[in-house]
Number of protein chains: 2
Amino acid sequence: MAQLLMMNLSSVSSSFLVPNTITTNRVSKVSIRSSNTSIRKCVATSSTEKTGYKTGVSRNANMAKLQAGYLFPEIARRRAAHMLKYPDAEVIRLGIGDTTEPIPEVITSAMAMKSHALSTLEGYSGYGAEQGDKQVRAALASSFYADLGIEESDIFVSDGAKCDISRLQLLFGSNVTIAVQDPSYPYVMLKLEKPLATEGVKHISSFDLMSSSKRGCWFGHDSMLTGQAYVDSSVIMGQTGQFQNDVEKYGNIEYMRCSPENDFFPDLSKVSRTDVIYFCSPNNPTGSAATREQLTRLVQFAKKNGSIIVYDSAYAMYMSDDNPRSIFEIPGAREVAIETSSFSKYAGFTGVRLGWTVVPKELLFSDGFPVAKDFNRIVCTCFNGASNIAQAGGLACLSPEGLKAMRKVIRFYQENTQIIVDTFKSLGFNVYGGTNAPYVWVHFPGRSSWDVFSEILEKTHVVTTPGSGFGPGGEGFIRVSAFGHRADVLEASKRFKQLYK
Amino acid sequence: MAQLLMMNLSSVSSSFLVPNTITTNRVSKVSIRSSNTSIRKCVATSSTEKTGYKTGVSRNANMAKLQAGYLFPEIARRRAAHMLKYPDAEVIRLGIGDTTEPIPEVITSAMAMKSHALSTLEGYSGYGAEQGDKQVRAALASSFYADLGIEESDIFVSDGAKCDISRLQLLFGSNVTIAVQDPSYPYVMLKLEKPLATEGVKHISSFDLMSSSKRGCWFGHDSMLTGQAYVDSSVIMGQTGQFQNDVEKYGNIEYMRCSPENDFFPDLSKVSRTDVIYFCSPNNPTGSAATREQLTRLVQFAKKNGSIIVYDSAYAMYMSDDNPRSIFEIPGAREVAIETSSFSKYAGFTGVRLGWTVVPKELLFSDGFPVAKDFNRIVCTCFNGASNIAQAGGLACLSPEGLKAMRKVIRFYQENTQIIVDTFKSLGFNVYGGTNAPYVWVHFPGRSSWDVFSEILEKTHVVTTPGSGFGPGGEGFIRVSAFGHRADVLEASKRFKQLYK
């Protein structure tokens, strides 16, 4: 087993590594595939030597700015050490933000029915509208935006919020400036083709471990990757400067610090004006949600500066407080905001892929041109609509039975969250988030996130996510995800109590 | 009925029109919704008057370069006139490139089964790999690239070729030059939420009519749109100059003329060097396919110039000649080419959304950096994988039964194609395409495509596509699509014979 895991590790730390600087060398398959040691022996060979041919096309300079996950080897070493040390450990995954509960049957049945219908003359349909099925758009409008002045025609159905963020970047182009929350959602993951088994040491996957690293994009049999949606897509579009290693930030991005000191809402008096402000609430990773008063200030700030807010509300249905579920609950928001959301965390659609973006017709560029018309053009040119089967599922999600079923799934994760919150609170920790999002943000003041991550892994075999993986503002925190099976959450809590009692 | 159609028309020609110049006015809902006249009365109101607020964000200058479909009002008028003149006509649609045959049951069953599985603990899965399921990648490699040196890890599964083209543009960035075939695939469509019924005058949809126009992007209840994938995505990335109205071309794009005179293969001695060469074979709209000798010349041309070929092989399975199905059949192509393809036209997946792109590891930028590593980073950042249900369908497509079923669907369309080819040949026309693609390219020398389109619509109630809609090189041609039900194709042929006997 340890040997098997090492093989996986070695592939991670060798041939699939993307250097963060331009290089003419490609790192070959690692030489220790069958070895039992944690020392990496990477043999670098020049691929240009092999083929002797390079095209004359220059590499996109913006791509070269992207940071590779230079911390991955370190994480891989920690993981390897853990595996070797505790080959029989029952490892529990509370690191990932991926859903674990099955999709309610009322929703999967609708997708199955749509699939079957596609094999009949009457039920077959070809290209759908890029903007999404009219019924789905109408159902989204009435389910989430009733009385908010958002109409069906303002809504663009998509294959998910991450993809829409990228399309929004295309819309804005390279000459805009952006602001992001710090910490913010990094989309840092390693996905395995097949999840490892659910018992014993196999329980830990490189997914968990890698989700804690900063950046990097690998490929090969395992799919290790980073897509820091807001930041990386901005870098790719050429909106930013180079990465500054000393502060671990890109030039020309406004990082808005969110910490307990400011109630996880940026001190806007210290935030410079940018064209675009990415704002995620309820927030991943901190789990905090902005209040009505805070969002009113944000909208006023945007209005004063002539900025456009891109509001990520992918966790809105997790809100249990009376905070706004949509930015469009704030008066005037339709003139300054775009909202993007997703079925992923509501219905377990992370793999099915369905989301939406709202671009109100009231939102105008400085010359008065409607943003929605340009976004529509982007969607028409760069996208061909979400899968019609996923959309059939989306429609079922928004039926009375579907909404009820989604709420049940959400309630389950909320119960998980409460267990985790109660555990850490009972141990005397300052715990944030959890009330309005499936993430618990635990403070370990003065300690390194990485040290805490390692301590927890070492002592409890529970995988969490070090807060600093979400940006400098996350240092001193760990994120505990409430996505997981109940038994695992209960067992993890038991172990946390033993460790920190 | 005529009144209903007029309502639809009026919405098309008014409130959903995107001006091709920057404007501060928004055109309000048309005032003739219940009128029976074809005269449009557009009431322009300033949305800035309504809200009094514009953001300070500048519109992306590249978006402003995109051309709106200024010919749409003209087409809409022709259509309206036809509808009013022949309210009882049995209109047949051979204009569109959308599939009409149901998806084989072996494939839909697999998707239904996957849907159902997602509601079980054992069958549930969350995020998949952005690059696609390992099994799908492996099946694509063995089904289409066996012995071509293309491995599973070179293949990126996607939600379709159009979306991949856009991601490839992001990869290349704004500082590359491109070449496209003229005529080339325009993605010009108007999609209706619900296809009109299949008999009587309802048979004609704005889809057909609008597919014949040049460019334009509308939105509203109907989804009228244009995404000229190669060109428009290039414009959006800032790779081109302004649109030049006199020649109907964008500046800084190399248009490679493909006509009967050069056997629909560009005279490469007259083609300027560009960084990227988009090449579609079998071609849409001309239906021609490049021979092994021609593609060898293309690869040599790219190699000489250090260019990257983006090879669109979405119709490869329609090839009946011995031409290459993949650019990678040409020696050396792995060092100069990317290939993108799709299940859309093989399995009727236009609405299900599944495609793939091959980026060989041998393909290097001028500094030696592997193109595939940057593309992987793009896919990781801007995409979250194709729907797992669509991928289950893709896997079924590539099973022995699935491949057999796909070939049967393709054979059906090939028979349609043959009927159309035989019809026009028997009438003495010079007919191109049809042998290796489901499109027939009929020459009407010296005549305007639009005149021929109108003549055919007027006299036979059959909707075709005017060749000039695909670029200046298409003037004098019409494209007849073989996607359609057999009875319609036979009836259309009968009418063509009556018209041109």
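Reply: Contact here means heavy atoms within 4.5 Å. This is a predicted model, in which local features need pLDDT of at least 70 and side-chain atom pairs count only at pLDDT 80 or more, while totals for chains, interfaces and linings use all residues. Residues are numbered from 1 along each chain as its sequence is written, chains are lettered from A and ligands numbered from 1 in the order written, and side-chain values use heavy atoms, without hydrogens and water.

An automatic or database domain assignment divides chain A into domain 1 (2–69), domain 2 (92–101 + 403–500) and domain 3 (105–186 + 227–401). Six residues of domain 1 of chain A touch 11 residues of domain 3 of chain A, and together these domains bury about 670 Å², 59% of it on carbon and sulfur atoms (accessible area, 1.4 Å probe, lost on being put together and summed over both parts). On the domain 1 side, Lys65(A), Leu66(A) and Gln67(A) supply 73% of the area buried against domain 3, more than any other three residues. The count of salt bridges between domain 1 and domain 3 of chain A is zero (Lys or Arg side-chain nitrogen within 4 Å of an Asp or Glu carboxyl oxygen).

As for the helices (DSSP runs of H or I, at least four residues, numbered from the N terminus), the axes of H7 (residues 161–172) and H12 (residues 371–382) of chain A come within 9 Å and cross at roughly 115° (lines fitted to C-alpha atoms over the stretch in contact, with angles from 0 to 180 degrees between N-to-C directions). Among the residues making this contact are Leu168(A) of H7(A) and Phe375(A) of H12(A).

Conventions:
Helices (H or I, at least four residues) and strands (E, at least two) are DSSP runs, numbered from the N terminus. Buried area is the accessible area (1.4 Å probe) that two parts lose on being put together, summed over both.
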